[in-house]
Amino acid sequence: MIEAYEPVIGMEIHAELHTRSKMFCGCAVMDATLAEPNTTICPVCTGLPGALPTINREAVEQAIMVGLALNCQINTCAGFARKNYFYPDLPKGYQISQYDAPVATAGWVDVVDEEGVAHHIRVRRAHLEEDTAKLFHFYATNDGDYALIDFNRCGVPLLEIVSEPDMHSAAAVYAYATKIREILRYLGVNSGDMEKGVLRFEANVSVRPRGSTALGTRTEIKNLNSFRALVMATAYEIERQTAILAAGGTIVQETLGWDAVRNVTFSQRSKEHAHDYRYFPEPDLPPLYIEREWVAEIAARLPELPDARRARFVAEYGLTSQDARVLAAERAVADYFERAVRAYRGAPATVGKWLIGELFYLLNRDNVAIDAVRVSPEALARLIGLVDAGKLNQNSAKAVLGEMFATGATPEAIVAAKGLVQITDSEQLAAIVRRVVADNPEQAAAYRAGKVTVFQWLMGQVMRETRGRAAPEVARRLLRNALDGEI
Ligand SMILES: [Zn+2]
């Protein structure tokens, strides 16, 4: 049944911009989880009569950065419009948004989904607007039902990124949404902290008979605040609509919510149309002229974007595409990696392996961000250098890294303090190996009788005797000689 129908999906992504002040006033943009409610507000963002907005240059600049990163055209003459609607979180009775003159139009992004399928997704537009206040609902309390409102978020700059309906699977939707998040984070305009609500998704889903070019009736799933909700809601809606069409029914155009407990979409209201909003040019703001020189100057200082960096990591450092993908996904990680590579004499891929295998493990275990880690990239490079020089074996080096991670001490200091320098001296090791074999005659006999698995156990004894400092290859060779030969 699924095969007979093709899903068609477009997305709207609302991203709060990390500017210092709000979109149209001087109030600070605060981390919603840190600020006391209603402390960063003023007559403009609470919509008091007579208060006049001014355009935040930094927000426009960030919108241009995103537009350029998404391969958009930047409009020289942009402008703001009033989108009229009533809702308690919007005291003015209208939202200042952009209608027919957005900052950026006609871009695209290329993504590869988790199954390796490539998708070219066009970006219709990216426009600036202001966020609403936040409502908190309380039900059946001792004081009955009530709601509280926090205006801190009201007026925070929002960038709405609208795609064309170019996605045809939940996998493509996921790949596109993660790519947009990755780019926003690279640009430093949005933290991507989904749980803080700084990035919100909407999916417009329709289904049509495969081979048809006409668009089916679509539904709009609002307020998807996690990737999981986005993917599950999209997949659910594709299936729901396909079942209706296959049974000869028709799809109702409507706005849906996602019930994350029951894993179903539910109807919120019938779809509003643009004319319901009575858009008209915002009379309190002048047109927004964006000079070419300004755009060129912003373009010149755009950071290298994740895809380009990934490709360069493969070409320049010889990383596998898998390692390059992991190391370039986040700008701070990529910066850390490149600093460590500059401080290291060996192959960059070795640094990549230590970063992905060992440091990431510690970061995840203790939930530490890479920019807060106490191991400097240079110290990590020196630690790997000690392994390369034969001064530390892998296991000791991992223990040293754990210590560096916990205390911020240098690898040299830890190695000296703990006496971890690797024992590579054959004669010193040979004596230890002979002693281990002599002390464990039953095991040695079992090995000689063909029970080869005992070898690892005996190796373990050698490592214990040396407190893990034996150079494993040397110890292994000596142990084999001692067991196979005459003692
Ligand atoms: Zn304000």
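Helices (H or I, at least four residues) and strands (E, at least two) are DSSP runs, numbered from the N terminus. This is a predicted model: local features need pLDDT of at least 70, side-chain atom pairs count only at pLDDT 80 or more, and totals for chains, interfaces and linings use all residues. Residue numbers start from 1 along each chain, as its sequence is written.

**View 1. Helix H5 and its end.**
Helix H5 spans residues 306-317 and has 12 residues. From first C-alpha to last, H5 reaches 15 Å, close to the 16 Å expected at 1.5 Å a residue. The expected span is 1.5 Å times one less than the number of residues in the helix. Gly318 follows H5, and its phi is positive, near 70°.

A residue counts as buried if 20 or more other C-beta atoms lie within 10 Å of its own, as exposed if 12 or fewer do, and as partly exposed in between; the C-beta atoms are placed from the backbone. In H5 the buried residues are Pro306, Arg309, Arg310 and Phe313. They cover an arc of only 105° around the axis, so they sit on the same side of H5. The arc is taken from the directions from the helix axis to the C-beta atoms. On the face turned away from this buried side, H5 carries the exposed residues Ala308 and Ala315. The buried residues of H5 pack against helices H2 (170-187), H6 (321-328) and H7 (331-342). Contact here means C-beta atoms, placed from the backbone, within 7 Å.

**View 2. The three-stranded sheet S5-S4-S15.**
This open sheet has three strands in the order S5-S4-S15, with antiparallel pairing. Strand S5 (94-97) and strand S15 (280-281) are at the edges with a single partner strand each, so one side of each has no neighbour in the sheet. Two strands pair if DSSP finds at least two bridges between them. Strand S4 (residues 81-84) pairs with S5 over four bridges. S4 pairs with S15 over two bridges. Ala81 stands opposite Ser97 in S5. Arg82 stands opposite Phe280 in S15.

**View 3. Asn84 in strand S4.**
Asn84 belongs to strand S4 and stands opposite Tyr94 in S5. Asn84 and Tyr94 are 10 residues apart in sequence, and 4.1 Å apart in space, C-alpha to C-alpha. Asn84 is partly exposed, with 15 other C-beta atoms within 10 Å. Neighbours within four places in sequence aside, Asn84 is in contact with Gly93, Tyr94, Tyr277 and Arg278.

**View 4. The nonpolar cores and Val173.**
A nonpolar core is a set of buried Ala, Val, Leu, Ile, Met, Phe, Trp, Tyr and Cys residues joined through C-beta atoms within 7 Å. The largest such core has 72 residues, of which Ala63, Ala126, Val173, Tyr176 and Ala203 touch the most other members. H2 gives the most to this core, with 11 residues. Neighbours within four places in sequence aside, Val173 is in contact with Ile9, Met11, Met167, Ala203, Leu230, Val231 and Thr234. Another core, of 33 residues, lies apart from the largest one; its members include Ala324, Val326, Leu380 and Leu401.

Note on methods. Contact = placed C-beta atoms within 7 Å.
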